[in-house]
Amino acid sequence: MKKINLVIFDWAGTTVDYGCFAPVQVFLEIFKEKNIDVTLEEARGPMGMLKIDHIKAMLSLDRVTALWNEKYNRMWNENDIEELYKNFENKLFKILADYTEPVPHCIETVNILRERGLKIGSTTGYTQEMMDIVTAGAKSQGYSPDYYTTPNAVPAGRPAPYMIYQNMLTLGEEDTDCVIKIGDTISDIKEGRNTKVWTVGILKGSSELGLSLEEVNSLSEKDLKEKMEKTAEKMLSAGAHFIIEDISKVPYIIDIINNKLKNGERA
């Protein structure tokens, strides 16, 4: 009988870096230095993609393109993308080690999953060089998946399915029905759906919600509920099979999926 054997987590905003703040603040900075004021929503929109693709996606936004044309009297080009990305890397590497703390309930949840015999994989929008920092920092604080891969190790990053396929290949799972992908961005959800695995969006700590732990704890129950419902609707519209409040709910959602598999349902 089929059951979930492999859980594939995202990194920033899902298992580490609550609220996914490390890359966001750098995206804002590099555009500001080019005298282009992007909004927080514009910076977060493509989150989860390979970072150079993220920059291109931001530049492709109608408003940002118009601002660029107004400032420089020309369309942005590949050289501009490369310049922005180089600046992004330089700034991110200086702060990334400070954003590797596992989110609340991450370590306990992973331990529960391992006790059940599940394998823990992961995918990311970070490059290998960035992940060298992130994985080392997370491991020193108690979180280390069985495997991770990066966009530059496969033919294409999110929303393409290749990183999930690579996890399946390496961790020995050939059935997509037995895999669950958990992430905090629309890119994560599209990645999971494009691979035809069970796909779950996570709310608290997510880039899509965009709130720090302090902000989550300080908001009124009504305001937080409204923000979470709006984020959940966006994730469901992108194709998520399920939405969970935080990472602690992963074992519960796996039980639900296993029951569906038992009844013959598929991802």
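What is the strand order of the open sheet of five strands, and what pairing does the sheet have? Some notes on that and on a few other spots follow.

1. Ground rules. This is a predicted model, where local features need pLDDT of at least 70 and side-chain atom pairs count only at pLDDT 80 or more, while totals for chains, interfaces and linings use all residues. Residues are numbered from 1 along each chain as its sequence is written, and side-chain values use heavy atoms, with hydrogens and water left out.

2. The order is 2-1-3-4-5, with parallel pairing. Strands (E, at least two residues) and helices (H or I, at least four) are DSSP runs, numbered from the N terminus, and two strands pair if DSSP finds at least two bridges between them. The edges are strand 2 (119–122) and strand 5 (242–244), each of which pairs on one side only. On average, neighbouring strands are turned by 25 degrees against each other, direction ignored.

3. Strand 3 and its partners. Strand 1 (residues 6–9) runs parallel to strand 3 (residues 179–183), and four bridges join them. Among the bridge partners in strand 3, I180 goes with V7 and K181 with I8. Strand 3 also pairs with strand 4 in the parallel sense, again over four bridges; there, I182 has V200 as its bridge partner.

4. Cover on strand 3. Five of its five residues are buried, buried being under 20% relative accessible area, exposed over 50% and partly exposed in between (1.4 Å probe, protein chains only). In a regular strand, side chains alternate between the two faces of the sheet. Here V179, K181 and G183 sit on one side and I180 and I182 on the other, and both faces are covered. Note that K181 is among the buried residues.

5. Helix 12 on the sheet. Helix 12 (residues 250–262) packs on the sheet and touches strand 1, strand 3, strand 4 (198–202) and strand 5; contact means heavy atoms within 4.5 Å. The direction of helix 12 makes about 160 degrees with that of strand 5. Axes are lines fitted to C-alpha atoms, for helices over the stretch in contact, with angles from 0 to 180 degrees between N-to-C directions.

6. Helix 3 against helix 4. The axes of helix 3 (residues 51–60) and helix 4 (residues 62–72) come within 5 Å and cross at roughly 80 degrees. That makes the two helices roughly perpendicular (65 to 115 degrees; under 35 is roughly parallel, over 145 roughly antiparallel, the rest oblique). M58, L59 and S60 in helix 3 meet D62, V64, T65 and W68 in helix 4.

7. Aromatic pairs. The whole structure has six, counting rings of Phe, Tyr and Trp (its six-membered ring) with centres within 6.5 Å; planes under 30 degrees apart are stacked, over 60 edge-to-face and the rest tilted. W11 and Y148 have ring centres 6.3 Å apart and planes at 80 degrees, so they are edge-to-face. W11 is in the loop between strand 1 and helix 1 (21–32) and Y148 in the loop between helix 7 (128–140) and helix 8 (162–171), so the pair ties together parts 137 residues apart in sequence. W11 is buried at 1% relative accessible area, whereas Y148 is partly exposed at 23%. Together with Y143, these two residues form one aromatic cluster.
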